[in-house]
Amino acid sequence: MSKTTFYTSEGLKKLTDELNELKTKGRSDIARQIAEATDKGDLSENAEYDAAKDAQGHLEAKIAELTNLVANARVIDESKLDTSKVGILSKVTIKAPNGTTMTYTLVSAKEANVRQNKISVDSPIAQGLMGKKLGDIAEVQTPRGIMKFEIMDISL
């Protein structure tokens, strides 16, 4: 049984585009590699054939994984999100004990991208922030111990 994951419409589109790319171009590229290796003769000692078949197995596993993700994906209706507390798709500004402020958007694991300040809702920081309200102090377990972050702003 697969877990339902929530995506932005943009995130789900990227996922379906990747899946379609693997099903079309990815499969045709692998088929071409297998055909080229087959043309070279004896398959029992053909390293290129073995490599192509191995790549095919990895590709099919990735396709199965993405198919499962897409089948269990739900798009979040941003108009129904509550900005009074931290939840998925919340853009949260927090202040660390040293006074540094950081802003993160909480997204699904597949959409997480630290360079864009998008963190997974499954991450320790996001888990500590979930459900908190403006002004609350979130205690987050980090490798350096428990850190306390003040919720400065919540938006979309």
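Axes are lines fitted to C-alpha atoms, for helices over the stretch in contact, and angles run from 0 to 180 degrees between N-to-C directions. The structure is a predicted model, in which local features need pLDDT of at least 70, side-chain atom pairs count only at pLDDT 80 or more, and totals for chains, interfaces and linings use all residues. Residues are numbered from 1 along each chain as its sequence is written, and side-chain values use heavy atoms, with hydrogens and water left out. Helices (H or I, at least four residues) and strands (E, at least two) are DSSP runs, numbered from the N terminus.

Two packed helices are described by the angle between their axes and the distance between the axes. Here, α1 and α2 pack at an angle of about 165°. Their axes are 9 Å apart. The angle therefore makes α1 roughly antiparallel to α2. Angles over 145 degrees count as roughly antiparallel, under 35 as roughly parallel, 65 to 115 as roughly perpendicular and the rest as oblique. The crossing of α1 past α2 is left-handed. A crossing has this hand if the near helix is turned anticlockwise from the far one by less than a right angle, and is right-handed if clockwise. The contact of α1 with α2 has 14 nonpolar, six polar and seven charged residues by class. Ala, Val, Leu, Ile, Met, Phe, Trp, Tyr, Cys and Pro count as nonpolar, Asp, Glu, Lys and Arg as charged, and the others, Gly among them, as polar.

Helix α2 covers residues 47-71, which is 25 residues. The expected span of a helix is 1.5 Å times one less than its number of residues. For α2 this gives 36 Å, and the end C-alpha atoms are 36 Å apart, so the two values agree. The buried residues of α2 are Y49, A52, L59, I63, L66 and L69. Buried means under 20% relative accessible area, exposed over 50%, and partly exposed in between (1.4 Å probe, protein chains only). These buried residues pack against β1 (5-7), α1 (9-38) and β2 (73-75). Contact means heavy atoms within 4.5 Å.

E48 counts as partly exposed because its relative accessible area is 46%. E48 touches A37 and K40, not counting residues up to four places away in sequence. E48 and A37 are 11 residues apart in sequence, and their C-alpha atoms are 5.7 Å apart in space. A64 also belongs to α2. A64 is partly exposed, with a relative accessibility of 46%. The C-alpha atoms of A64 and A51 are separated by 20 Å, and these residues are 13 apart along the chain.

K3 is exposed, since its relative accessible area is 56%. K3 touches N72 and D122, again leaving out residues up to four places away in sequence. K3 and G128 are 125 residues apart along the chain, with 21 Å between their C-alpha atoms. T5 sits in strand β1. T5 counts as buried because its relative accessibility is 17%. With residues up to four places away in sequence not counted, T5 touches L69, N72, A73 and R74. L69 is also among the buried residues of α2.

L89 is found in the loop between β2 and β3 (91-95). L89 has a positive phi of about 75°, although it is not a glycine. L89 is buried, with a relative accessible area of 9%. N117 lies in the loop between β4 and β5. The phi of N117 is near 60°, a positive value in a residue other than glycine. N117 counts as partly exposed, at 37% relative accessibility. V114 lies in the loop between β4 (101-107) and β5 (118-120). V114 is exposed, because its relative accessible area is 65%. V114 and Y104 are 10 residues apart in sequence, and 8.8 Å apart in space from C-alpha to C-alpha.
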